[in-house]
Amino acid sequence: MVPISYYIILSAILFTIGAVCVLIRRNAIIIFMGIELMLNAANLAFVAFANQHQVISGQIFVFFVIAVAAAEVAVGLALIVTIFRTRKSIDVDQLNSLKG
Amino acid sequence: MLLSEAITQGPEFFSLAPWIIFFPVIGLLINMSFGGRMKERTIGILASSASGLAFVTSALLAISLLAHPEGAILPLAEWISIGDLQLNWSIRVDTLSTTMMLVVSGVGTLIHIYAIGYMHEDVRFKGDPGRYQRFFVFFNLFIATMMILVSADNYLMLFVGWEGVGLCSYLLIGVWYDRDLLGRPGTENALAGSKAFIANRIGDFGFLMAGFTMFWTFRTVTFSGVFAQVSQIAEIQPGAILAITLFMLLGVAGKSAQLPLFVWLPDAMAGPTPVSALIHAATMVTAGVYLVARSAPLFSAVPEAQAWVAWVGGITALFAATIAVGQHDLKKVLAYSTISQLGFMIAAVGMGAYVAGMFHLVTHAFFKALLFLSGGSVILGIERGHHHLDHENHHDEEVFDPGDMRLMGGLRKKMPVTFLVFTVGAVALAGIPPLAGFFSKDEILAEAFHLNFPVYILLAIAAFFTAFYMGRQVWLVFFGDPRHPAADHAEESPPVITTPLIVLAGLATLGGILNLPWVHTFTHWLEHTFETFHLHLHPGKFNLLIAIISTALAVLAIFLAWLLYGRKPLLKNQADPLKKILGPIFTGMNRKWYVDEAYDHLFINRYIDLARFLSIKVDWDFWHDWFHDRVIVAAYRQGARILAGPIDLGIIDGIANGLAKFFQAVANRFRKLQTGYVRNYALAVFAGVVVLLGYLILQ
């Protein structure tokens, strides 16, 4: 039986990698992947705790997260495709027209 | 002794009394609403029937009074109810008011019938048929308001009628408001109407003051309420009753054209002749006499007031009689004669000879209406002659006054009926027995002889002048040769005009029967009313000496008139023979003793000066130029400047702009945060999460 702290540590490492990826990368698709990484880190923590506490709701929550993430991917990729069509680039550092 | 004792159980029609007002009102409403679509004659007949029905009602009331001489008071409606004051709109039927109703509606009906013919010709000569309907509407309105006046049960209701007849007088004088006296476009008729109205207003001021003082003293204005307290108040506050009666005298002077307010009546002759006859001779102007007779208990309580009234009447009688002598206009002579005769009546009621005054009022209504109407017939006859001439001779464009007696003459043969009835009226007015004027005037003179000798002298001289000017008028108008082609072509009037004249001539002849000496029918008739207020009338004693003196004076005056105007008739363009004898005195008479000029000088011009001063100096220069244009404009500009500058720009805009600048500055700081790099936002979210988690963990 793998202790729960291992899962939590793995989840934290995955989450940190995703967050850093979102903060430092310029390619929009890579940033997207960072976000997916963070979602899955959360999913991992959910199932780990669900198993630990022997409750089903944590696992059901994960299914919802996966479903929402899939929908989000569809919208996000469509946005990225549209941005690429207009700007010929997906470098987020060039997308600063909301600058105040 | 009393006629009523013979008929103890007689018919009683008192409940019909309101119809004396309703009939003329119905007539005027129909004529007002549908007169435009009716024929002239229909309008006239309708108006005459309305007045005639009012006469029939009055006659029924008189018959009822024979059996029930105490009369009746018919409350129609509750009128005013304030605190303790309870006033009903009630109709008072007693012998005094019914006498007036009979005169007003009886003479009024005859004049209505006459007016059917007269106004037809008048609108033909002056060319506005629409005025016919207007005339009859006003005429019926006059009958209605006069009936309100005489049937009133309290002074306030009487005042309503008093004002109403004044209004009708104004409207009817000015019925040709867009014409001058000769029918050309102008404003003289309108001005004459205004003059009458304004002079009456001064009198009405007196009436109102009397009413206020009365209410202050008696706490009521009903006749019965006031008269019941007179003897009691007369002991405590005689001054109050004196004030009431003297103020009332001012009202009487206005309405009955006495000194000093008589000036409006001669000008009122600008109205059509039926108006002069009905309103300014027979009925409205006698309202003052009626008022004094009605207020007899008040006047009897203060002998000073009685003396005042008698003197005003006596002086007016003589004063106006002298003016009448010097007039050239047919209607002006009759107008001054009316003022003079009203003076007789006022003097009589002032002396306490109420029956004599009322008796003269009745007979005067007969013969003065007769004189005016036949005078109107003369004027129409001459207008017909003039019209006839115009057809023959088209370049006759001279200004022609059909009322000027100097242009008449010889009408005896052209207009025989008119001549006959006019002479009857003139003889009645002159006081020759046995016509009506003799009995009534003689009763006044006999009473004056006992009650107030100086006034008797004034009245006797006035009676002498009366006979003289009537003689002068008859000879000037009807005798000699025509002094103008129009008079030469004059034609007699149609029967619709002459029939009322003949009826009136009969009344003027026989009117004396009403109160023959030693019989005193009229005295006993009125006694019932005056005894209600504990006022005992003494039947006027017939004084043969006075009767002989006054008859002799009248005959002498007529003889003098014959000497001057009859023996050698006036020739064309000849000056009045009296002018040679009297010189400047005649000029004075002719110019009405310059009373109008004096009033112009003393009051009217001063008033105009004041009005001019107020309008030019006070209103225009001070208020408009200085106050409005300078002060208010400057203040406004200064105020606007302050409001626009420091207040609007400084404070209000300052607050708004300051807020805007503040938020702009704050926003400029915060906009730096919006880098547009999604990474920065993500970092901020991340930092926020770290802070929140840190807080939750370290808590």
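## Overall form of chain A

Chain A has a radius of gyration of 17 Å, whereas a compact globule of 100 residues would have a value near 13 Å. The model is a predicted one. Along the principal axes, the C-alpha atoms of chain A fill a box of roughly 50 × 25 × 25 Å. Of the 100 residues in chain A, 13% are buried.

## Secondary structure and contacts within chain A

Chain A contains three helices and zero strands, and its pattern along the sequence reads α-α-α. Of the contacts in chain A between residues at least 6 apart in sequence, 45% join residues at least 24 apart.

## Contact between chains A and B

The two chains meet through 10 residues of chain A and 10 residues of chain B. On the side of chain A that touches chain B, five residues are nonpolar, three are polar and two are charged.

## Helix pairing in chain B

In chain B, the axes of helix 4 (residues 95-126) and helix 5 (residues 130-151) come within 10 Å and cross at roughly 175 degrees. Because of this crossing angle, helix 4 of chain B is roughly antiparallel to helix 5 of chain B.

Residues of helix 4 of chain B that make the contact include B:M100, B:V104, B:G108, B:H112 and B:M119. From helix 5 of chain B, the contributors include B:R131, B:F135, B:F139, B:I143 and B:M147. By class, the contact of helix 4 with helix 5 of chain B comprises 13 nonpolar, five polar and one charged residues.

Key. Residues are numbered from 1 along each chain as its sequence is written. Chains are lettered from A and ligands numbered from 1 in the order in which they are written. This is a predicted model: local features need pLDDT of at least 70, side-chain atom pairs count only at pLDDT 80 or more; totals for chains, interfaces and linings use all residues. Two residues are in contact if their C-beta atoms, placed from the backbone, lie within 7 Å. Ala, Val, Leu, Ile, Met, Phe, Trp, Tyr, Cys and Pro count as nonpolar, Asp, Glu, Lys and Arg as charged, and the others, Gly among them, as polar. Helices (H or I, at least four residues) and strands (E, at least two) are DSSP runs, numbered from the N terminus. The radius of gyration is taken over C-alpha atoms; the globule rule is 2.2 Å times the number of residues to the power 0.38. A residue is buried if 20 or more other C-beta atoms lie within 10 Å of its own, exposed if 12 or fewer, and partly exposed in between; C-beta atoms are placed from the backbone. Axes are lines fitted to C-alpha atoms, for helices over the stretch in contact, and angles run from 0 to 180 degrees between N-to-C directions. Angles under 35 degrees count as roughly parallel, over 145 as roughly antiparallel, 65 to 115 as roughly perpendicular and the rest as oblique.
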